[in-house]
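This report describes a single protein chain for a reader who has the sequence and the model at hand. Please keep both in view while reading.

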Amino acid sequence: MAGKKLFVVAAGSGGHILPALTHAKKWLTQHPDDEIIFFTGTSNLEHKIIKNKSFIAQTKHLTLSKFSLRRWWVLPLILVQLTGMFFRGLFYTLWHRPATVVSTGGLLAIPFCVAARIAGCHVEVYELNVVPGKAVKLLLPIATVVYT
């Protein structure tokens with residue numbers, strides 16, 4: 001029997017991506033027939049961290065411009081990108097039907113996890129900091145399980 005799929009969504013920094021990779025690797029030791037699909041951003045750091053991780057079946061790099069209140073003119077572009085990510089997340093979750101979607105945070109995770117939840121997927125959110133980040137706070141109402 002073919003294994004299930006686990007979607008892991010983490011972006012922005014090593015503080016989000018490395019714990020997500022650790023969780024994905026642990027998941028595979030418990031579910032060796034499953035497949036990991038990792039969703040992250042397009043920065044050099046994100047490419048470098050994900051590179052050569054043989055336990056990841058697929059990596060999807062999603063584009064999201066840097067957000068800063070000092071660069072307020074980029075906000076319309078970011079809203080378009082977030083909307084596009086929502087629809088890509090909806091497409092991927094309906095197409096692959098993952099057993100679980102796991103996120104450790106990052107702005108990119110918000111539209112993706114909302115789409116996954118709308119598609120009926122189980123969404124797990126991990127917060128490893130004492131004070132939850134903004135993305136995790138926004139994901140709390142839609143998360144099936146929250147680990148702190």
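## A buried helix

The buried residues of helix H4 are Ala109, Ile110, Pro111, Phe112, Cys113, Ala115 and Ala116, where buried means under 20% relative accessible area, exposed over 50% and partly exposed in between (1.4 Å probe, protein chains only). Because seven of the 10 residues of H4 (residues 109-118) are buried, this helix is largely enclosed by the rest of the structure. The cover over its buried residues includes strands S1 (5-10), S2 (35-40), S4 (100-105) and S5 (122-126), together with helices H3 (75-96) and H5. Just after H4, Gly120 takes a positive phi of about 90 degrees.

## Basis of the model

This is a predicted model, in which local features need pLDDT of at least 70 and side-chain atom pairs count only at pLDDT 80 or more, while totals for chains, interfaces and linings use all residues. Residues are numbered from 1 along each chain as its sequence is written, and side-chain values use heavy atoms, with hydrogens and water left out.

## Overall fold

The protein has five helices and six strands; helices (H or I, at least four residues) and strands (E, at least two) are DSSP runs, numbered from the N terminus. Along the sequence they follow the pattern β-α-β-α-β-α-β-α-β-α-β.

The radius of gyration is 15 Å, which agrees with the value near 15 Å for a compact globule of 148 residues; it is taken over C-alpha atoms, and the globule rule is 2.2 Å times the number of residues to the power 0.38. The C-alpha atoms fill a box of roughly 50 × 30 × 30 Å, taken along the principal axes. Of the 148 residues, 44% are buried.

## Phe55 and its contacts

Phe55 is found in the loop between helix H2 (44-50) and strand S3 (58-61). Leaving aside neighbours within four places in sequence, Phe55 is in contact (heavy atoms within 4.5 Å) with Leu21, Ala24, Lys25, Leu28 and Ile36. The C-alpha atoms of Phe55 and Ile142 are separated by 28 Å, and these residues lie 87 apart along the chain.

Among contacts between residues at least 6 apart in sequence, 53% join residues at least 24 apart.
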